[in-house]
Structures are given as structure tokens and as C-alpha cells.
Amino acid sequence: MTPLQGCLLVSALLFAIGLAGAVTRRNAILALVGIELMLNAANLNFIAFWRYGPHPEALSGMMVVIFSIAIAAAEAAVGLALIIAIYRHYRTANLDEMKNLKG
Amino acid sequence: MMLEIALELDGRNMFETLDQIFVTLKHQAVGFVPDAWQPLVSALISVALIPLVFATLFAFVTVFERKGIGRIQNRYGPNRVGIPLTKIRLCGFGQFIPDGIKSLTKEDIVPRAADQVVHFLAPVVLLIPVLLAYAVLPMGRNMTAVDLDAGVLFFFAVGGAVELSVFMAGWSSHNKYSLLGAMRAIAQMISYEIPLILSAVTVIMIVGSLKTVDIVAAQNHYTFGLAHWFVFTPWGLAGFILFFIASLAESNRTPFDLPEAESEIIAGYFTEYSGFKFALFFLGEYLGMFAINGLGITLFLGGWTAPFSFLTWGPSYVWFFAKLMALVFAFIWIRATLPRLRMDQLMNFAWKFMLPLSLVNIVAAGVWHFMGHSPLRWVVCTSLIFGAYAILGWGLMHNQKLGKRTYHFAD
Amino acid sequence: MSPVFLIIAFVTLFAAAAAMSLRNLVHCALSLVVALAGLAALYLQLDAQFVGFAQILVYVGAVAILIVFAVLLTRSDATPNQAILAPGWIVGIAVSAVVFATLGWAALNSTGLPKEMSPAPVATVKNIGDMLMTQYVLPLEVIGLLLTAALIGAVIIAMKEEPLSNSGRSRSDGASLSKKSEPPHVGSYGSEKEGGGV
């Protein structure tokens with residue numbers, strides 16, 4: 001198993017863990033944590049391919065990951081603001097109880 | 001061994017030897033070890049020296065602070081303990097020995113409802129990033145522990161990890177006031193991190209590199225005997241003052257010490273810590289203070305360079321530590337003089353004054369660079385920064401209805 | 001597959017699994033911090049210095065603190081008494097296992113992966129800065145715009161709304177809110193004040 005395949009396996013496992021958590025946990029915040037883990041797994045994939053692939057001097061893998069980190073931060077901020085706003089309405093952060101479409 | 005060092009001068013005079021004495025000693029020590037182990041031993045020596053030197057400095061500075069605050073408040077600080085078990089007083093500078101023994105032998109009380117694991121880990125999580133931050137500070141010529149390509153970014157990255165330990169300490173104590181103090185401390189640290197980083201960005205922009213060694217080398221030129229420190233430029237002076245104020249806030253020092261104010265919230269996020277863990281928090285706070293002052297010296301005050309060209313014979317590490325002690329003394333002086341800021345005053349100051357001013361500072365630094373070497377650029381940059389300062393200051397202060405200032409002096 | 005890589009990968013995966021399965025949300029957030037720091041160490045091991053430090057600065061220094069603040073502001077910081085897993089969680093675990101199996105099989109049996117190891121690339125900050133200003137300047141400006149929009153948007157969404165006195169709509173919302181039962185689990189400090197012995 002080459003180092004590249006090792007990195008890919010780690011990122012696949014991280015993605016699967018993030019997916020499992022995002023889908024099964026009840027709390028809204030943990031769903032966001034799962035999404036962050038999935039994003040990080042994808043970033044690891046990019047860096048692994050940048051490092052072990054052809055033309056690493058083009059820096060394309062690093063660039064994508066830099067932008068991905070920035071976007072993930074923005075998305076986490078907005079997502080958590082949404083959860084706080086929803087909490088103010090429903091008084092709970094439990095995803096199963098947020099089932100009314102009418103405010 | 002000293003004779004060998006003295007004999008292998010080969011062209012260097014005494015001052016250069018003195019300047020590089022620690023580097024030479026380390027090379028000699030590493031030379032004793034077989035070749036395969038040499039990188040590891042070299043790294044270990046560099047790493048081991050940092051806690052040794054700065055923990056000793058911490059011990060000295062705690063007593064220095066208490067004496068300094070005492071003198072400013074017209075009283076003596078600790079002046080009894082010199083060398084223990086003797087009658088030699090040493091002006092009280094041995095006070096750290098009984099303090100250390102006290103904190104080591106005090107009972108370590110952990111509240112029953114506290115989260116044990118997180119409560120235990122919080123001081124550790126504080127100390128590790130703070131010690132990591134020293135790795136990129138150039139403390140002398142060729143005396144940087146690790147010369148990272150993205151040195152300043154590394155410093156700010158580990159500085160951000162300190163906030164996590166503040167939260168862990170406050171939350172795990174299971175105490176309303178600790179949590180409140182922790183939330184306030186984190187809000188304050190996050191707010192002041194932005195002017196801190198933005199004022200450092202001006203230096204990075206002008207130097208063109210994130211390496212701390214390059215930043216110091218860019219300031220190592222002399223014109224008419226005066227060094228090219230960035231603090232002698234308009235944007236550098238404004239940047240240094242912003243960096244200094246933001247570093248006061250990052251270290252939770254007065255006037256920004258509401259999170260740990262003794263008269264308001266007992267001790268804030270480390271109320272429930274006693275004994276050695278409290279000593280670790282104390283140590284972490286002071287080490288953080290030294291680290292951020294060290295970065296301020298590297299960025300604005302020329303690192304290990306001498307201010308005047310006729311003083312370059314002095315060893316570089318002496319200059320670095322002299323500047324560090326001067327900044328620490330300024331911290332102590334401000335602590336003894338200024339009253340505490342309220343939370344909303346603090347946040348207003350960060351977001352409505354320091355952030356816009358640091359953005360204007362970046363513009364001024366750019367204007368400075370692109371105007372070339374002319375006396376006009378001094379006028380333009382100074383007026384830009386001063387105009388922004390006046391406008392922002394008016395914006396903060398014009399609604400305040402302050403009474404007439406009266407002074408009462410002690411007889 | 002150096003031992004350093006194996007250790008860091010193991011720590012990261014263990015912390016990520018802990019982040020998704022612990023009961024107490026604050027413990028989950030702290031395990032997430034360990035996982036993100038482990039990922040930063042992996043980036044450093046793959047010679048991506050700038051990305052590693054940026055990961056610590058952004059994720060550990062900011063996103064983790066955000067998550068912790070959100071946990072505290074939604075009063076989720078006490079250990080919950082109810083079940084923590086949504087109904088139908090078995091399907092979720094099965095789906096993620098299938099996803100991992102597919103990705104793992106693709107990674108191990110793919111023929112398109114480069115076979116030889118290229119030497120360590122030189123990714124100085126200067127190169128990154130040059131590329132950001134020449135080839136990637138449009139994404140850079142767009143990211144600036146995006147971050148500004150996210151900042152303003154997050155502040156507006158999370159801001160407390162002023163109750164309007166002349167429109168009846170928010171009044172009825174307030175009435176329905178107060179009629180909704182107190183959440184079954186009061187905030188951490190109140191319920192455990194007597195038993196905690198602080």
C-alpha cells in the first residue's frame with residue numbers, strides 16, 4: 001500500500017465517520033460537526049493527491065484547500081447562527097422536534 | 001574547552017565570539033554525540049533551553065512586578081526573602097522560591113461536580129501552545145529555535161489555541177462565575193486578535209516574507225547611525241502601539257483584565273484551581289506575555305539589532321532581552337496606573353477604533369512603500385494615520401459625558 | 001507508511017469517532033479539536049506547511065470556539081437524559097459503512113493512481129502568494145466577498161429581534177412561546193445546584 005493509498009483510506013474513513021455522525025445524531029450542532037469532518041476529509045484528499053501526484057509545483061491542491069478552509073469557516077459561522085436563531089424559536093436544538101414548517 | 005574556543009577565533013574578534021557563544025557551545029555539545037543522533041540532540045538542546053530561560057525569567061518578573069507595582073503605589077513590594085535560610089536579603093528577589101514551594105505544596109482542590117478530565121487538562125492545553133510559540137522567535141543572531149517558512153503565521157495559529165484552554169478551564173469548573181469569566185475572556189481575546197494580526201500584516205507586507213529571521217534582517221540597516229526599525233516609521237509607530245495594546249488585551253492584563261479581575265469576578269475562569277494548577281495558569285499567562293512581547297520586538301523593534309550603529313558591538317541576545325524587559329516593565333507600569341475597562345468599553349474599543357485604525361495603517365504602509373524614498377511620504381502617511389485616529393477618536397468619545405477630572409494625591 | 005503517519009492518523013480517527021459518539025456535547029467539541037489538530041499534523045507531514053498552520057488558525061482557533069459557543073448558547077452543554085441517536089440510526093450507520101467500503105475499494109484497486117513518489121514539492125509562502133495574486137486572484141476576491149456576506153449574514157441571523165409593539169404578529173409568537181412547555185431539561189447550573197455541591 002503506497003502512502004497515497006494510506007492517506008486516501010484515512011480520508012475515506014474520516015468521511016464515513018462524519019457522515020455517520022451527521023445522519024444519526026439528534027442535536028443540530030453535531031450535524032454541523034459531522035459536516036465539518038466531511039469537509040476536512042475532502043481537504044485531506046486534495047492535499048494527498050497534491051503531494052503524491054504529478055506536478056506538485058503547480059500548487060493547485062494547496063490553493064483549493066486554502067479556499068475550502070475559508071469557505072468551511074464561513075459556512076460554520078452561518079450554520080451556527082441559524083441554529084441559534086432556530087433555538088430561540090423552538091427552545092431546543094433537537095432536530096427531531098423542528099418539524100413545523102410554519103413559524 | 002574555553003581555551004579551544006578562544007583559540008579557534010580565526011578572524012572573529014571578541015565581540016563576535018561573545019555574540020555567538022551560545023551557538024558555539026551548542027555545536028560543541030552536539031559534536032560529542034555520534035552522527036546519527038546529532039539532529040535529535042541539537043533539537044533537544046534548543047527545545048530544552050526555552051523553558052529553562054523563560055521560566056527563570058518568569059520567576060524574576062513575578063517579583064519585579066510586585067515590587068514595581070508596590071513602588072508605584074508608594075509602598076515597598078516584597079523585600080525580605082533573598083537567599084533562603086540566610087540573612088542575605090537581595091532586595092527581596094528570592095521571593096519566587098517560597099512562592100513556588102507554596103504553590104507546590106498547597107492542596108489541589110477539585111470541585112466534586114467538576115468535569116475531572118477537562119479540569120485536569122486545561123492548564124496543560126494552556127502551556128503547550130504558549131511554549132510552542134517561542135520556537136519562531138529570533139533571540140539573537142542565528143539563535144532561532146526553528147526557522148519556519150511561515151513563522152509569523154505559526155505564532156498566531158498557536159496563539160489562537162490558548163482560547164480553547166480558557167474555555168476548558170471555565171466550563172469544567174461547573175461554576176457560573178467561572179463560565180462567565182471564560183466567555184468574557186474568549187470574547188475579548190477573539191476581538192483583539194484581529195487588530196493584533198492586522199498590525200503585524202503591515203510589517204509582513206513591507207518585508208515580503210513570513211520568516212521572522214527575514215523580518216529582523218530587514219531592520220538590520222543603519223542610516224545616519226539610527227537603525228531601520230519599523231517603529232521609526234509612521235505606520236510602524238501606529239502599528240506598534242496597536243500591537244502593544246492588543247497584546248495587553250491578549251494577555252488579559254490591566255486595563256483589559258476584566259475576565260480575571262479580583263474585585264469583580266474573583267479569579268474568573270481559574271477560580272476553582274488551586275495549588276500547582278494555579279501556578280501553571282500563572283506561568284502560562286506570563287509566558288504568553290513574554291512570547292507576544294517577543295513577537296512585537298521582532299516585528300517592530302528590530303529583534304536583536306542595536307538601535308544605534310555605534311552600539312552594534314553588544315551581543316545580540318542582550319539587546320533582545322533588554323528590549324523584552326523594557327516592554328515587560330511597560331506592561332507593569334500600565335497595570336499599576338490605568339483602571340480597568342468595562343466589557344462594553346473594551347469591545348467598542350476593539351471593534352470601533354482599533355480595527356478601522358489598523359486597516360488604515362495597512363493602507364498607509366502601502367502608500368509608504370510605493371511613494372519611494374522621499375520626505376513627502378512621511379507627511380502623507382502621518383497625516384493619513386493621524387486623520388483616521390482623530391476621526392475614530394471623535395467617533396468614540398463625542399457621546400461621553402465625562403465630568404471634570406480631579407486628582408487626589410496621598411500626603 | 002511511516003510510523004509517524006500511522007500514529008497521527010490513528011489519533012485523528014479515534015478523536016473523530018469520539019466526537020461523533022460521546023454523550024456530552026462539550027466533550028464532542030473538544031474531541032473535534034483533537035481531530036482537527038491531528039489533521040493539521042497530517043498536513044504538516046505531507047509537506048503542506050501553510051495549509052497546516054492555516055488549519056490550526058482557522059479551525060482550532062475559530063470554528064471550534066464557534067461550535068463551543070453555540071453549544072453553550074443553545075443550552076446543550078449538560079449531559080442529555082434522552083436518547084442521543086435519532087430514530088433509524090442503523091440505516092445511517094449502514095449507509096456510511098457502504099460509503100467507506102466503496103471509497104476504500106476504489107482507493108485500493110484503482111489503476112489510475114500515480115505509482116512513483118514525486119519528490120517533496122517546494123511550497124513556500126512566496127509561491128502561494130504569487131499564485132494567489134496572479135492565477136487565483138478571481139477566487140481570492142470572490143472569497144473576500146463571500147466572507148463579508150457570511151459575516152454580515154451571521155450577525156443578522158443571530159441578532160435578537162426587537163419585539164414590535166404595534167404589529168400583533170410577534171405578540172402572538174411570544175404568547176405561543178410562553179405556552180410551550182419549559183424545556184424538559186433546564187440549564188445545567190439550575191438543576192444540579194443542590195446536588196453539585198459547588
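These legends go with a few close-up views of a predicted model. Residues are numbered from 1 along each chain as its sequence is written, chains are lettered from A in the order written, and side-chain values use heavy atoms, with hydrogens and water left out. In this predicted model, local features need pLDDT of at least 70 and side-chain atom pairs count only at pLDDT 80 or more, while totals for chains, interfaces and linings use all residues.

View 1. A:Arg51 pairs up with C:Asp47, and their closest N and O atoms are 3.1 Å apart. (A salt bridge here is a side-chain nitrogen of Lys or Arg within 4 Å of a carboxyl oxygen of Asp or Glu; helices are DSSP runs of H or I, at least four residues, numbered from the N terminus.) Over all chains, the count comes to nine salt bridges.

**View 2. Helices α9 and α13 of chain B cross at roughly 30°.** The axes of α9 (residues 176-207) and α13 (residues 276-300) come within 10 Å. That crossing makes α9(B) roughly parallel to α13(B). (Axes are lines fitted to C-alpha atoms over the stretch in contact, with angles from 0 to 180 degrees between N-to-C directions; under 35 degrees counts as roughly parallel, over 145 as roughly antiparallel, 65 to 115 as roughly perpendicular and the rest as oblique.)

**View 3. Helices α15 and α16 of chain B pack at about 165°.** Here α15 (residues 343-370) and α16 (residues 375-397) have their axes 10 Å apart. That angle makes α15(B) roughly antiparallel to α16(B).

**View 4. Chain C has two domains.** Domain 1 covers 1-76 and domain 2 covers 122-161, with bounds from an automatic or database domain assignment. Taken over C-alpha atoms, the centres of these chain C domains are 22 Å apart.

Terms used:
Helix = DSSP H or I, 4+ residues; strand = E, 2+ residues; numbered from the N terminus.
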